[in-house]
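Q: I would like to learn how to read the inside of a protein model, one residue at a time. Could we work through an example together?

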Amino acid sequence: MYTVDLHLKNETVEHAKYNLIQAIQLSRKTKEKVLCLIVGYGSTGGSHKIKTAILDELESLLIKHQIKDYILGTDIDIFNVKYQNFKGKEFLDKECFLHKNPGEIIVVL
C-alpha cells in the first residue's frame with residue numbers, strides 16, 4: 001500500500017488535489033492496488049477544506065471509473081454498511097482495522 005500525505009503544513013487545496021492525481025498515477029505505474037491518503041481529521045488548521053475537496057475529487061474519479069472505490073478510515077468496520085459495500089476489502093491489511101484513522105482515506109485503484 002502506497003501512502004501519501006496530502007495535508008502538509010500550509011498546503012493549499014489545489015496543491016493537495018494535484019498531489020492526489022500524481023499519487024494515483026505513481027501508484028498505477030508501480031502496480032499498487034491500494035493508496036492510503038492522509039488528509040487530516042478535518043478539525044483544525046484548515047485541513048477540513050482539504051479533506052472535503054479530496055472527498056469530492058475522489059467521488060468524481062469514482063463516477064468517471066478512474067478508481068474502483070474509496071473508504072474513510074473510520075468506516076473500516078465489518079458492521080458498517082459502507083465497508084460491507086466497499087470494493088477491495090481483500091486489499092486491506094490488519095493495520096487498517098486496528099487504527100481506523102479518521103484522517104485517512106483508503107483508495108482502491
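Q: Which residues does L37 touch, leaving out those up to four places away in sequence?

A: In this predicted model, L37 touches V4, L6, L20, I54, L58, G103, E104, I105 and V107, with residues up to four places away in sequence not counted.

Q: What should I make of the nonpolar residues in such a list, and which residues touch the most other members of the largest nonpolar core?

A: As a general idea, nonpolar side chains in soluble globular proteins tend to be buried together. Here the largest nonpolar core has 19 residues, of which L37, I54, L58, I105 and V107 touch the most other members. At least two residues of this core come from each of α1 (13-29), β2 (34-38), α2 (47-63), β3 (69-72) and β4 (104-108). Another core, of 10 residues, lies apart from it and includes I71, F86, L92 and V108.

Q: How far from E104 is the nearest side chain of opposite charge?

A: E104, which lies in strand β4, is buried yet has no salt bridge, and the nearest side chain of opposite charge, K51, is 11 Å away. Beyond four places in sequence, E104 touches C36, L37, I38, I71, L72 and G73.

Q: Is C36 buried or exposed?

A: The cut-off for buried is under 20% relative accessible area, and C36, with 4%, is therefore buried. The C-alpha atoms of C36 and L72, which are 36 residues apart along the chain, are separated by 9.9 Å.

Note on methods. Residues are numbered from 1 along each chain as its sequence is written. This is a predicted model: local features need pLDDT of at least 70, side-chain atom pairs count only at pLDDT 80 or more; totals for chains, interfaces and linings use all residues. Side-chain values use heavy atoms; hydrogens and water are left out. A nonpolar core is a set of buried Ala, Val, Leu, Ile, Met, Phe, Trp, Tyr and Cys residues joined through side-chain atoms within 4.5 Å. Buried means under 20% relative accessible area, exposed over 50%, partly exposed in between (1.4 Å probe, protein chains only). Helices (H or I, at least four residues) and strands (E, at least two) are DSSP runs, numbered from the N terminus. Contact means heavy atoms within 4.5 Å. Lys and Arg count as positive and Asp and Glu as negative; His and the chain ends are not counted. A salt bridge is a side-chain nitrogen of Lys or Arg within 4 Å of a carboxyl oxygen of Asp or Glu.
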